[in-house]
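Okay, thanks for coming, everyone.

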Amino acid sequence: MLATTPLQRGPISVIDCRCTSGPGDRPFVEVHDRHTVSFVRRGSFGYHHRGRAFELVAGSFLIGYPGDEFMCTHDHAHGDECLSLHVDPEIAESLARRDTWLVGGVPPLSELMVLGELAQAAAEGETDVALDEAALLVVARFTELVSGRNCRPPRAHAPDRRRAVESALWIAANAQERVDLQSAAQQVNLSAFHFLRLFTRVLGVTPHQYLVRSRLRRAARLLADQERLISDIAYEVGFGDLSNFVRTFRRAAGVSPSAFRQLAQGERKILQERFAATL
């Protein structure tokens, strides 16, 4: 039995796939509806595609092409879990030729599986890299490795640098709103993939990292106001829930928002403890 949970929608949709099938279950034919790069994060299964058979284990990748039939088997293990990235044709075809998308399966390559883990961490909210950004990195790295093409962007010229700066200004001004990779890219008339590469190359951080840090900067200023509730500050600066705000702020500042507020109010003990921890 396969259970799927959509985690991200857009040019690259991210789906959490969990299968409970085992050796006693009969496999059936399925059809890929989009270009697919699926990171096997747990378990093992067989993948039959275009007359070839692959045994995929944790760290492997399943690659699918739209319209292709495939079948998954569980002859040797019970159950598996995948983080499945479904890519729009425009992005897929801009990154690699058709034959790259027909490889079927990719073994656990260190150059690729570490990015799969980054995408999984993003899906679980354990990094300030956005899930759509991490997914794009996985797909781009896959096409580089399989096609043998180096997709490193060329040196950014003045117009491109201006685009990146203008985008950063727009992100900072709208940080309290829902801002995703696609909407930010549209502001400067670029595809999501090329915008991500350009922004990161010029400014040294991804668009989502800059968005989160813009929210944190504003939150740090607002925390100096003793009268405002921390939950109100979290929602005002753009965080969707309080727990995410507290976790992200602690990761950035090394202390909780409430402790930071005490520090902003002149609580010397917290400051002394922070200095002592660095000695």
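Let's start in the middle. The largest nonpolar core has 45 residues, and those with the most contacts inside it are I12, V37, F61, W101, L136, V138 and V139. By nonpolar core I mean a set of buried Ala, Val, Leu, Ile, Met, Phe, Trp, Tyr and Cys residues joined through side-chain atoms within 4.5 Å. Buried is under 20% relative accessible area, exposed is over 50%, and partly exposed is in between, with a 1.4 Å probe and protein chains only. The largest share of this core comes from α3, with eight residues. In soluble globular proteins, nonpolar side chains tend to be buried together.

Before I go on, this is a predicted model, where local features need pLDDT of at least 70 and side-chain atom pairs count only at pLDDT 80 or more, while totals for chains, interfaces and linings use all residues. Numbering runs from 1 along each chain as its sequence is written, and side-chain values use heavy atoms, with hydrogens and water left out.

So what does I12 touch, leaving aside residues up to four places away in sequence? The list is L85, H86, V87, I91, A135, L136 and V139, where contact means heavy atoms within 4.5 Å.

Zooming out, the protein has eleven helices and nine strands. Those are DSSP runs numbered from the N terminus: H or I of at least four residues for helices, E of at least two for strands. Of the 279 residues, 45% are buried. The C-alpha trace spans about 70 × 50 × 35 Å along its principal axes.

Now the holes. On a 1 Å grid over the protein atoms alone, a cavity is a set of points where a 1.4 Å probe fits but cannot get out; a pocket is an open set with protein on both sides within 12 Å along at least five of seven lines, and lining residues have an atom within 4 Å of a point. Points are joined across faces, edges and corners, and volume is the space filled by probe spheres set on them.

The largest pocket holds about 910 Å³. It has 34 lining residues, and Q8, A130, L131, H208 and N244 are the closest to its centre. α7 gives the largest share of that lining, five residues. By class we get 14 nonpolar, eight polar and twelve charged; here Ala, Val, Leu, Ile, Met, Phe, Trp, Tyr, Cys and Pro are nonpolar, Asp, Glu, Lys and Arg are charged, and the others, Gly among them, are polar.

The second largest pocket has about 590 Å³ of space. Closest to its centre, out of 28 lining residues, are L2, C17, E30, F70 and C72. Its lining divides into 13 nonpolar, nine polar and six charged residues.

Last, the loops. Most residues other than glycine have a negative phi. R50, however, has a positive phi near 55 degrees; it sits in the loop between β4 and β5 and is partly exposed, because its relative accessibility is 44%. N189 also has a positive phi, about 55 degrees, in the loop between α5 and α6. At 68% relative accessibility, N189 counts as exposed.
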